[in-house]
Amino acid sequence: MSRVGVLVMGPAGVGKSTFCNSIISHMQTIGRRAHIVNLDPAAEPNKYEFTVDIRDLISLDDVMEELDLGPNGALIYCFEYLMKNLDWLDEEIGDYNDEYLIFDCPGQIELYTHIPVLPNIVRHLQQQLNFSLCATYLMEAPFIIDSSKYFSGSLCAMSAMILLELPHINVLSKLDLIKDEYNRKKLKRFLNPDPMLLANEVEDVNPKFQKLTKSIANLVDDFGMVQFLPLEANNPDSIETILSYIDDVTQWAENQEQKEPNDQIDIEEM
Ligand SMILES: Nc1nc2c(ncn2[C@@H]2O[C@H](COP(=O)(O)OP(=O)(O)OP(=O)(O)O)[C@@H](O)[C@H]2O)c(=O)[nH]1
Ligand SMILES: [Mg+2]
């Protein structure tokens, strides 16, 4: 049994759910099967039906109303509730052996930076449900092309990377919105950036913070976490490229190949 899980993470409105839908649509086109697991208790109705939906376990609106919590507190409560009811998740996912599941996560970034619920869910999926997992972290291209924001975005992505300890792919979403303004060469500076060069470009920063920016650039540089894959949700080529990276880090193809000899044994045994 081999299951691939892709966590789709990133700040609010960055294009996570749209990306999930684009993967499903692309996979259908090429004859592969995938499902969306919705982990956002505040999700809006989606183009593709959620195969597993946290809202079937707990509703954000109910929590807000009954416990008199705000949306962020209620979200944390929902995840803590999910942690206490992981058997529900096991049961829901249980029927989907040998499948490709895409986990659409909420946009509250505290979930990826300092609350341990997501790492606990990740360990559970790996250890109890035998998932080969990959994290995708989306950042918006229009946001990131400002050098100073590039560093704050990179720190958030690194935070998620450290917290989850998973194979990690950074994605620059909504690239179509800046394509006309930035030529290929300029875009490459952000997709495959040199943090030290970008740090020198940060302007309009209080001199007191320039040193801090350089230190952060050093850290990002040392970490080697400086690559982004471009995403245009409506461009199948960009989806295909990202999917090939995900397949690679989750060893999807190898798992498929491994299954073939067993299939043959089954046939011979019959
Ligand atoms: N131009 C452009 N717009 C996009 C793209 N991807 C998403 N959007 C738009 O961005 C908005 C937010 O997209 P969602 O997919 O709902 O973002 P999200 O990250 O799931 O949002 P939350 O779940 O609320 O955190 C929507 O209006 C999308 O149509 C893209 O590649 N290009
Ligand atoms: Mg969403």
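## Helix 2 against helix 3

Helix 2 and helix 3 cross in a right-handed sense, meaning that the near helix is turned clockwise from the far one by less than a right angle. This is a predicted model, in which local features need pLDDT of at least 70, side-chain atom pairs count only at pLDDT 80 or more, and totals for chains, interfaces and linings use all residues. Residues are numbered from 1 along each chain as its sequence is written, while chains are lettered from A and ligands numbered from 1 in the order in which they are written.

The axes of helix 2 (residues 60-67) and helix 3 (residues 71-84) come within 9 Å and cross at roughly 110°. The two helices are therefore roughly perpendicular (65 to 115 degrees). From helix 2, Leu60, Val63, Met64 and Leu67 meet Pro71, Ala74, Leu75, Tyr77 and Cys78 of helix 3, with contact meaning C-beta atoms, placed from the backbone, within 7 Å. By class, this contact has nine nonpolar residues and no polar or charged ones.

## Around ligand 1

Ligand 1 is surrounded by 16 residues, and the closest are Gly15, Ser17, Thr18, Gly107 and Ala233. Helix 1 (residues 16-29) gives the largest share of this shell, three residues. Sorted by class, the shell holds five nonpolar, six polar and five charged residues.

## Glycine 5

Have a look at strand 1 (residues 3-9), where glycine 5 has its place. Glycine 5 is buried (20 or more other C-beta atoms within 10 Å), because 22 lie within that distance. Leaving aside neighbours within four places in sequence, its contacts are Leu101, Phe103, Leu125, Phe131 and Leu133. The C-alpha atoms of glycine 5 and tyrosine 100 are separated by 6.0 Å, although the two are 95 residues apart along the chain.

Definitions and conventions. Axes fitted to C-alpha atoms, helices over the stretch in contact; angles between N-to-C directions. Helix = DSSP H or I, 4+ residues; strand = E, 2+ residues; numbered from the N terminus. Parallel < 35°, antiparallel > 145°, perpendicular 65-115°, else oblique. Contact = placed C-beta atoms within 7 Å. Nonpolar A, V, L, I, M, F, W, Y, C, P; charged D, E, K, R; others polar. Near = placed C-beta within 6 Å. Buried ≥ 20, exposed ≤ 12 C-beta atoms within 10 Å, placed from the backbone.
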